[in-house]
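Subject: Structure handover

Hello,

Here is the structure for you to look over. My notes follow below it.

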Amino acid sequence: CQVAPGPGGRVARLVACAFYMCNLYLEPVWQGLNIANLSAYAALPALLGLFIRGLRSGDWRTVPAIALVSLVGSGAGTNPPLMVVAALPLPCYLLFDIITQRRWRHPQAWRWITGYVCAVIIAVVAVNSFWILPQLEMFRGGAMAVTIDQATLRQVSRSWLQGTSGATHLL
């Protein structure tokens, strides 16, 4: 575990894990069985742990492991913005590590960090390209873009509202 390493950090690790797993934000996600949210939430500790281990130890074997975990955490591209949000802790930790370890003073550290981060980005994009490329094509508005007419949009919205209203109770 990368949180509070060492023998004195057992309580800190227990509190961090309990807070992460028992957070009340997850109740609606579990009830709705939203696979994209659950897979991103489940994969985030592994992504962050592997990234931290790779930065600290200089182990290149973490790069393919991060790519595979990102594939599991992507929910097979069902909610791309959520994958982007779930990946935000990685650059946040990188910035934290650069500041706290004073890595800007060591040119060797910059070369390692740059190479490692580029390798992670390339591996993650390569493994997830089966859903990233169609999303980029749709965003760009190319031939693969799907158009939805107003009647279909109304029908989908109405069925979603009816399902939500039927499952919502005041008491």
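F51, W60, W112 and Y116 form one aromatic cluster. Rings of Phe, Tyr and Trp (its six-membered ring) pair if their centres lie within 6.5 Å; planes under 30 degrees apart count as stacked, over 60 as edge-to-face and the rest as tilted. That rule gives five aromatic pairs. Take Y93 and F96: their ring centres are 6.0 Å apart and their planes sit at 50 degrees, so this pair is tilted. Both residues belong to helix α6, three residues apart, about one turn of the helix. Helices are DSSP runs (H or I, at least four residues), numbered from the N terminus. Y93 is buried, at 12% relative accessible area. Buried means under 20%, exposed over 50%, partly exposed in between (1.4 Å probe, protein chains only).

A word on the basis. This is a predicted model: local features need pLDDT of at least 70, side-chain atom pairs count only at pLDDT 80 or more, and totals for chains, interfaces and linings use all residues. Residues are numbered from 1 along each chain as its sequence is written, and side-chain values use heavy atoms, with hydrogens and water left out.

Now the core. A nonpolar core is a set of buried Ala, Val, Leu, Ile, Met, Phe, Trp, Tyr and Cys residues joined through side-chain atoms within 4.5 Å. The largest one has 19 residues, of which F51, L55, I66, L94, I113 and Y116 touch the most other members. Helices α3 (35–57), α4 (62–73), α6 (89–100) and α7 (107–127) each give it two or more residues. The top contributor is α7, with six.

I66 has contacts (heavy atoms within 4.5 Å) with L47, L50, F51, Y116, V120 and V124, not counting residues up to four places away in sequence.

Next, the packing of α4 on α7. Their axes come within 8 Å and cross at roughly 40 degrees. Axes here are lines fitted to C-alpha atoms, for helices over the stretch in contact, with angles from 0 to 180 degrees between N-to-C directions. From α4, T62, V63, I66, A67, S70 and L71 meet Y116, A119, V120, A123, V124 and V127 of α7. By class, this contact has ten nonpolar, two polar and no charged residues.

Is D97 buried or exposed? D97 counts as buried, because its relative accessibility is 2%. Leaving aside neighbours within four places in sequence, D97 is in contact with L55, R102 and R103.

Best wishes

Note on methods: Ala, Val, Leu, Ile, Met, Phe, Trp, Tyr, Cys and Pro count as nonpolar, Asp, Glu, Lys and Arg as charged, and the others, Gly among them, as polar.
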